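I'd like to walk you through one chain, so please have a look at it with me.

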Amino acid sequence: MSKYFEDIHLGEQADLGSYQFTAEEIIRFAAAYDPQPFHVDEARAADSHFGGLIASGWHTAAIWMKLMVAYQTRLARTRGLPEHGERPKMGPSPGFREMKWMAPVRAGDTIRYTSRVTEKIDLSSK
């Protein structure tokens with residue numbers, strides 16, 4: 001992470017960027033990690049309750065992580081922090097609540113990802 005705990009403020013929001021999902025990528029990811037018919041087979045997906053091919057929820061979450069890592073790397077560079085060595089480090093998340101997939105992500109959809117600080121938790125282990 002590019003900020004120390006005390007420099008993070010409630011309400012901060014970061015625009016992580018957007019990502020367009022393609023049918024080929026949806027199928028490739030799902031074949032490796034979530035091989036359900038509505039993720040890997042366009043014809044079977046069309047006959048499902050989704051009515052077409054959709055991205056795995058884990059695919060959409062993995063893209064969030066990809067964009068978060070890229071955002072943190074950019075932020076570190078703009079702050080002049082070194083690639084390695086003395087700089088704030090990201091650690092395990094103390095948790096999150098209410099992760100929801102509100103609507104299916106379909107081939108051709110572009111999703112914009114943001115991150116917002118809603119709470120800061122002092123961990124007793126730190």
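This is a predicted model: local features need pLDDT of at least 70, side-chain atom pairs count only at pLDDT 80 or more; totals for chains, interfaces and linings use all residues.

Residues are numbered from 1 along each chain as its sequence is written, and side-chain values use heavy atoms, with hydrogens and water left out.

Let's start with the layout. The chain has four helices and two strands; these are DSSP runs, H or I with at least four residues for helices and E with at least two for strands, numbered from the N terminus. Read from the N terminus, the order is β-α-α-α-α-β. Of the 126 residues in the chain, 28% are buried, where buried means under 20% relative accessible area, exposed means over 50%, and partly exposed is in between, using a 1.4 Å probe and protein chains only. The chain exposes about 8,800 Å², with carbon and sulfur atoms supplying 54% of it; that area comes from the Shrake-Rupley method with a 1.4 Å probe. Among contacts with a separation of 6 or more, 76% are between residues 24 or more positions apart, and contact here means heavy atoms within 4.5 Å.

Now for the helix pair. How do the axes of H1 and H4 cross? Helix H1, residues 23–33, and helix H4, residues 57–78, have axes that come within 9 Å and cross at roughly 105°. The axes are lines fitted to C-alpha atoms over the stretch in contact, and angles run from 0 to 180 degrees between N-to-C directions. H1 and H4 are therefore roughly perpendicular to each other, a label for angles of 65 to 115 degrees. On the H1 side, Glu25, Ile26 and Phe29 meet Trp58, His59 and Ala62 of H4. Those contact residues divide into four nonpolar, one polar and one charged. Nonpolar covers Ala, Val, Leu, Ile, Met, Phe, Trp, Tyr, Cys and Pro; charged covers Asp, Glu, Lys and Arg; the others, Gly among them, are polar.

On to the core. Which residues of the largest nonpolar core touch the most other members? Out of 16 residues, they are Leu16, Tyr19, Phe21, Ile63, Leu67 and Tyr113. Strand S1 (13–20), H1 and H4 are the elements that give this core two or more residues. A nonpolar core is a set of buried Ala, Val, Leu, Ile, Met, Phe, Trp, Tyr and Cys residues joined through side-chain atoms within 4.5 Å. Leaving out residues up to four places away in sequence, Phe21 touches a list of residues including Ile26, His59, Ile63, Gly108 and Tyr113.

Finally, some single residues. Ser56 sits in the loop between helix H3 (42–46) and H4, and is buried, with a relative accessible area of 1%. Beyond residues up to four places away in sequence, Ser56 touches Phe29, Asp34 and His39.

Gly108 is in the loop between H4 and strand S2 (110–116).

Last stop: Ile8, in the segment before S1, is buried at 11%.

How values were computed. Angles under 35 degrees count as roughly parallel, over 145 as roughly antiparallel, 65 to 115 as roughly perpendicular and the rest as oblique.
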